Amino acid sequence: MTSFRTFTELVLDRAAELGTEDAFIFLPDDANGSVPEHLSYAILDQEARRIASWLQANGAEGGQVLLLYPSGTDFIKAFTGCLYAGSVAVPAPLPTEQGQHFTRVSGILRDAEVRAVLTDSASAPEISAWLVSEGFTDVKCLATDTADHGDASAYRVPDLTPEHLAFLQYTSGSTSDPKGVMVSHRNLLANEAAIQNAAGTDGQTRFGGWLPFYHDMGLIGHILHPLYIGGSAVLLSPTSFLRRPHRWLKSIGDYGVTIGGGPNFAYDLCVRRVTDEQLAELDLSTWVSAANGAEPIRRETIEAFTRRFAPAGFKPESFFPCYGMAETTLLVSGTPKDRRPAVRTVDAAALEQGTLTDPVAEGTSRELVSSGVIHDFTVKIVDPDTRRERPEGSVGEIWVKGDSVASGYWKRPLTNVEIFDAHITDGDGGEDTGGWLRTGDLGALEDGELYVTGRLKELIIFSGRNLYPQDVERAVQATDKALGAGAGAVFTVETDRERLVVVQEVRISAVDGDLRSLATAIQSRIGQQLNVPAGNVILVRPGTIRKTTSGKIQRTLMRKLFLQGELTPLYEVLEPAVRGIVADAAGPALAATV
Amino acid sequence: MSVPTTGRTTDELTAWLSDRIALYLKRRPQEIDPSVPLAEYGLDSVAALSLCGDIEEDFDLILEPTVAWDYPTVQALATHLAQSLAEPAAG
C-alpha cells in the first residue's frame, strides 16, 4: 500500500499529514497522581528534527547511535530522530534500571561501533562515566530531554535507499557475544506491511501496550506500527504493568485501544492478579487483537483469560496468537481476524517422534496452539540434519524467506552464511538457491497453520526474553568460590510452564557454610539479577557434568539424566511440579525386569 | 505482637503475604514456610514487583522492588511491613 522507499520518508509524511493528532499517549506510574503525557505527530516531528540536526552536526549521520532510555516519550523522539538523521538506532536496556547491568550494554557498545549515545538527563552523568570507564572517550553522550541542543531549522533530510539500515536489534547472542540483527528500511517496511495484512490495522487503530521499547515486539509492534499506519498508541512501562497488571487492561477501555499484547505470561499475570473489583471497572469491548507471541502460547492461559475477562467484553476471537523474531524484523505468522485461535490436540509420543497425529485412547496428549497463518513469507519445515524438506504435519526446523528477513547479524559474515543463507537439499546431491533463514525453532505446518513445538537451540525463553544458558551458568558460578567455573548446566523442563533447572558442581572442601545457604544464594542471584525464577537447584559432585571431548557442556544430556532421576545430588531443592516429573531412579530398571 | 495503627497484626500480615506469594509462585499457601528464604521457592523480579504492587493497593504503602530481597523471608517481610505501617506517613 505504501509508496515510500524508506521508513524515514514515511514518518516525515505522516507528521506533515497528521499534525496535532496524538501519536502516543504515555501513562506514567500513577503513584504520585501524575498525568498522561500526549505526544502529537507535530511535536514528535519537531523534537526528532532537533535531535537529527544534533546527530548530523556531530558526525553521527550514517553511523550507529545507542539509545539508553527508560520507557517514555523521550525514547520515541530519539528513535525518530535517528530515522530522520539517517543514523542507525541501537536500542538497548537502560543499565541503571532495576535488574539491568552495564555488562550486556558494554558488549553492545563495543560490537555496534556507536558514534553517539542518546539518553535522558537523569541517566546522562552515569552513562558518561561508563563511557569513560570503557575507554570510549570519543563517543558523545547527549541528554535529549534538555532544551539546549539541536537546531531544527538546520536539519537536512538524508539521502537514503531501502537498503540502508534503519536500526540494529540486539536481542540475540549471549552477554559476552551479543548479536545485532541488521534491519534495513526495506525489511522494516515489508514487515509493517505484513503486520497490517495479518492484523488488519488502519489509521483508526489504537495500540495499547507496556513492553520494553528495546524489545522487538515493543518497538516494531507498539511504536513503529502506529507510525506506519498513521494511528496512535497508549503506552505504559513494563514496571508499571508488572506492579499493577490491571492498569494495562484499564487503559484499553479508557482510551479505546483496539490492538496490543505481549508474551503469554502477561495474560497469565492478568488472570491471577486482577481482582473482582478491578474487573468490574474494565471495558475490553474495543480490543479486537490481543497479540500473544514471543514465548510459547498456552491453551490454558488463552482459555482462562477469555473466561475471566468475558464479563468485561473480551471476545474469544480477539486473541491473536502470532510468531516471529528479531531476525525476521518481527512478525512471520498471525491468527486471522474474527477467528478463534486454532488448537490441535496431538499424541504426545508421536509428537516426540516428529509427527502431528490424533491422540490415542491410552496415550498422553499435548495441545498445540496455532501461531496462525502465513501471508508475506515462504515457510518450510526442514530436517535440521539432512536439510531436506519435511512433509505436511511433520516436525522440523522452521525456515523462513521473505522481504522482512534481515540480511544478517552486524559484522558476522560466517554466522550469516550459516543462519541467513541456508540451502534446502533434495536428497540426490542437489540443493536450492538458498537464502533461507534458519530460525532454530521447531514446528510443523498443517492445513496452513503454523504450530511451534519447541526449540532446536538451547536458548531459554522466559517472559518473552531470550536467555542463553551460558549466561545463567556464569552467574551461578560467580555466586561462590566453591562452585566450579564451567562446571554447571542450566536448562528448562516443561510442566504447566517452563521451569529453570540449575545443575552445578560444588567442591565440598571449599564450602564455608551449609549447602542449603549456598543453593539459596544461587537462587537469589538468578531471581534478582537475571529476573528468572530459579526454583530448582541441584548441587552435585565434581565430575557429574557431562561434556563433549571438546569441552562443550552437554545440556540436553544433563536434562535427560535429571529427568530420569540419574543425578545424585549432594543437595537439591525442587519445585513440587518439577519433582513430579522426575522419574524415580529405580523405576525404569524395575519396569524392565517385569 | 499487634500493630494497633492499622489493625493488622504481624500474624495477619504473615498470612496475607503467604497467600500473595503462593499466588505469584503458583504454590499452595501452606507450602510457604514463613522462615524459609523466598529465593528457595523461586522468587524472581516479576514476583517481587507483583508483591510491591499488591502492598501498594492494599496498604497504600510504596516500597522499592528490592524489599523482597532485603527482607528475604515472609517473617522478615511481615515484621518490616508492620513497622512501616506503624510509622507516621511521611511526606
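## Two chains, step by step

Let's start where the chains meet: 22 residues of chain A are in contact with 19 residues of chain B. Keep in mind that this is a predicted model. On the chain A side, helix H8 (238-243), helix H10 (264-273) and helix H16 (515-529) are the elements that supply two or more residues each. The top contributor there is H16(A), with 5 residues. Sort that side of chain A by class and you get 6 nonpolar, 11 polar and 5 charged residues.

What about chain B itself? Of its 91 residues, 41% are buried. If you take the contacts in chain B between residues at least 6 apart in sequence, 52% of them join residues at least 24 apart.

Now go back to chain A and look for an open sheet of 4 strands, ordered S24-S25-S26-S27, with mixed pairing. Strand S24 (483-494) and strand S27 (571-573) of chain A are at the edges with a single partner strand each, so each has one side without a neighbour in the sheet. On average, neighbouring strands here are turned by 15° against each other, ignoring direction. Inside this sheet, strand S25 (residues 498-506) and strand S26 (residues 536-540) of chain A pair in the parallel sense over 5 bridges. To spot one pair, find Val502(A), whose bridge partner in S26(A) is Val537(A). Helix H15 (residues 469-477) of chain A packs on the sheet and touches S24 and S25 of chain A; the direction of H15 makes about 130° with that of S24(A). Helix H17 (residues 555-563) of chain A lies across S24 and S25 of chain A too, running at about 65° to S24(A).

Chain A also has an open sheet with the order S18-S19-S20-S21, and there the pairing of the 4 strands is antiparallel. Its edges are strand S18 (378-382) and strand S21 (449-455) of chain A; each has a single partner strand, so one side of each has no neighbour in the sheet. From one strand to the next, the twist averages 50°. Strand S19 (residues 396-401) and strand S20 (residues 437-446) of chain A pair in the antiparallel sense over 4 bridges, and Gly396(A) has Gly443(A) as its bridge partner in S20(A).

Next, the insides. The largest nonpolar core has 165 residues, and the ones touching the most other members are Val65(A), Leu66(A), Leu67(A), Val90(A) and Leu168(A). Beyond its neighbours within four places in sequence, Val65(A) is in contact with residues including Leu55(A), Cys82(A), Val90(A), Val114(A) and Leu118(A). A second, separate core holds 35 residues, among them Val476(A), Val506(A), Ala519(A) and Val532(A).

Which of its residues are buried? They are Ile127(A), Trp130(A) and Leu131(A). Looking down the axis of H5(A), you'd see the buried residues fall within an arc of 100°, so they line one face of the helix. The face turned away from that buried side carries the exposed residues Pro125(A), Ala129(A), Val132(A) and Ser133(A). The cover over the buried residues of H5(A) includes strand S3 (64-68), helix H4 (102-112), strand S5 (114-119) and strand S6 (140-143) of chain A. Just after H5(A), Gly135(A) takes a positive phi of about 85°.

Notes: Residues numbered from 1 in each chain as written. Chains lettered and ligands numbered in written order. Predicted model: local features only at pLDDT ≥ 70, side-chain atom pairs only at ≥ 80, totals over all residues. Contact = placed C-beta atoms within 7 Å. Nonpolar A, V, L, I, M, F, W, Y, C, P; charged D, E, K, R; others polar. Pairing = 2+ DSSP bridges. Axes fitted to C-alpha atoms, helices over the stretch in contact; angles between N-to-C directions. Core = buried A, V, L, I, M, F, W, Y, C linked by C-beta atoms within 7 Å. Buried ≥ 20, exposed ≤ 12 C-beta atoms within 10 Å, placed from the backbone. Arc of directions from axis to C-beta.
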